[in-house]
Structures are given as structure tokens and as C-alpha cells.
Amino acid sequence: MEDCIFCKIANKEEAAEIVYEDERVVAFKDIYPKAPVHILIVTKKHIHSANHIEPEDKELVGELFLVAKKVAKEQGVAETGYRLSFNVGRDAGQVVDHLHMHLLGGKKIPLA
Ligand code: 5GP
Ligand code: ZN
């Protein structure tokens, strides 16, 4: 999708510090990290938000969790703990309208 920063990162039109990639998912460091480990795990397919997930996307969305598990281990937070979250819409603070899972760890993560 045009003018979507996460589509551009997925297509290598914009730079990012990529920590994992396969055919359907890419994971990269958040540009403004809110914790020592802050990774965004993104579907390469443009899905606007969790509000826009369709039944046909269920396997793809499940892959985000498997990638999170792998990345958490690689980033050294699998044992200490981490939070996985999705912001959905403006009241939740979603600013990038392309489905992404936040993986936050490396310190105690306060709720919200
Ligand atoms: P949201 O608030 O939409 O759930 O999260 C969007 C996240 O994307 C924010 O934490 C923000 O710092 C991050 N972000 C926004 N633009 C970029 C970018 O161009 N590159 C990277 N690596 N992260 C970005
Ligand atoms: Zn997009």
C-alpha cells in the first residue's frame, strides 16, 4: 500500500533494523524504543489493524506469535519475560495503520 511506512520497510524502500524476516512476516527494532528490547513484528500483507483481520488471515496472524517467540529468545528476554501487544485505533494509541505486534522486554514493563 502506498505511503504506508511498514509496507515500505517490508519492501525495503525504507530502512529499518530488521531482526527477522521470512516470506510473510518481518520484525524490526522500533525507532523510538520504549524498553531495552522493543521489536515490531509485522505482516508483509497490509492489514490496517486488528479490526481488519479477516478469517483468511488467521494463519498469518498466528505466525506473528511464532515469530515473537523466536525473536524473544534471540533478544534474550524469553526467560525474563516480555509483553506482546497490539494497539487498535486512536484511543489505544495506534499511529501506524498497518497491523503490528509490539514485543517489549528487558525491564519491568508497566501496563500502558
Ligand atoms: P503504534 O503506536 O501504531 O502501535 O506503534 C507504532 C510504532 O512504530 C511506534 O512505537 C513508533 O515508534 C514506531 N515507528 C513509527 N515509524 C517508524 C519507522 O519509520 N521505523 C521504525 N523502525 N519504527 C517506527
Ligand atoms: Zn502497510
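1. Is Lys-8 buried, partly exposed or exposed? Lys-8 is partly exposed, because its relative accessible area is 24% (buried means under 20%, exposed over 50% and partly exposed in between, with a 1.4 Å probe and protein chains only). You will find Lys-8 in helix H1; helices (H or I, at least four residues) and strands (E, at least two) are DSSP runs numbered from the N terminus.

2. A word on the ground rules. This is a predicted model, in which local features need pLDDT of at least 70 and side-chain atom pairs count only at pLDDT 80 or more, while totals for chains, interfaces and linings use all residues. Residues are numbered from 1 along each chain as its sequence is written, chains are lettered from A and ligands numbered from 1 in the order in which they are written, and side-chain values use heavy atoms, with hydrogens and water left out.

3. Now the aromatic side chains. The whole structure holds two aromatic pairs (rings of Phe, Tyr and Trp, the last by its six-membered ring, with centres within 6.5 Å; planes under 30 degrees apart are stacked, over 60 edge-to-face, the rest tilted). Phe-6 and Phe-28 are edge-to-face, because their planes stand at 75 degrees, with ring centres 5.3 Å apart. Phe-6 belongs to helix H1 (residues 5-10) and Phe-28 to strand S2 (residues 25-29), so this pair ties together parts that are 22 residues apart in sequence. Phe-6 is buried at 6% relative accessible area, and Phe-28 is buried at 2%.

4. The other pair is Phe-65 with Phe-86, which is tilted: 6.4 Å centre to centre and 45 degrees between the planes. Here helix H2 (residues 58-74) supplies Phe-65, and the loop between S4 and strand S5 (100-105) supplies Phe-86, 21 residues apart. Phe-65 is partly exposed at 43%, as is Phe-86 at 28%.

5. Phe-65 turns up again on the surface, where Phe-65, Tyr-82 and Leu-84 make a nonpolar patch with about 240 Å² of accessible area together. Patch members have over 30% relative accessible area and no salt bridge; like charges are joined within 9 Å, nonpolar side chains (Val, Leu, Ile, Met, Phe, Trp, Tyr) within 5 Å. Tyr-82 sits in strand S4 (residues 82-85) and is partly exposed at 31%.

6. Finally, the charged pairs. There are nine salt bridges (a side-chain nitrogen of Lys or Arg within 4 Å of a carboxyl oxygen of Asp or Glu). In one of them, Glu-63 meets Arg-24 at 2.2 Å, N to O. Asp-30 bridges to Lys-34 at 3.9 Å; Asp-30 is buried at 12%, whereas Lys-34 is exposed at 54%. Asp-97 pairs with Arg-90 at 2.8 Å, and shared partners join Lys-12, Glu-21 and Lys-44 into one network.

Terms used
Accessible areas come from the Shrake-Rupley method with a 1.4 Å probe; for residues, only the protein chains shown count as cover.
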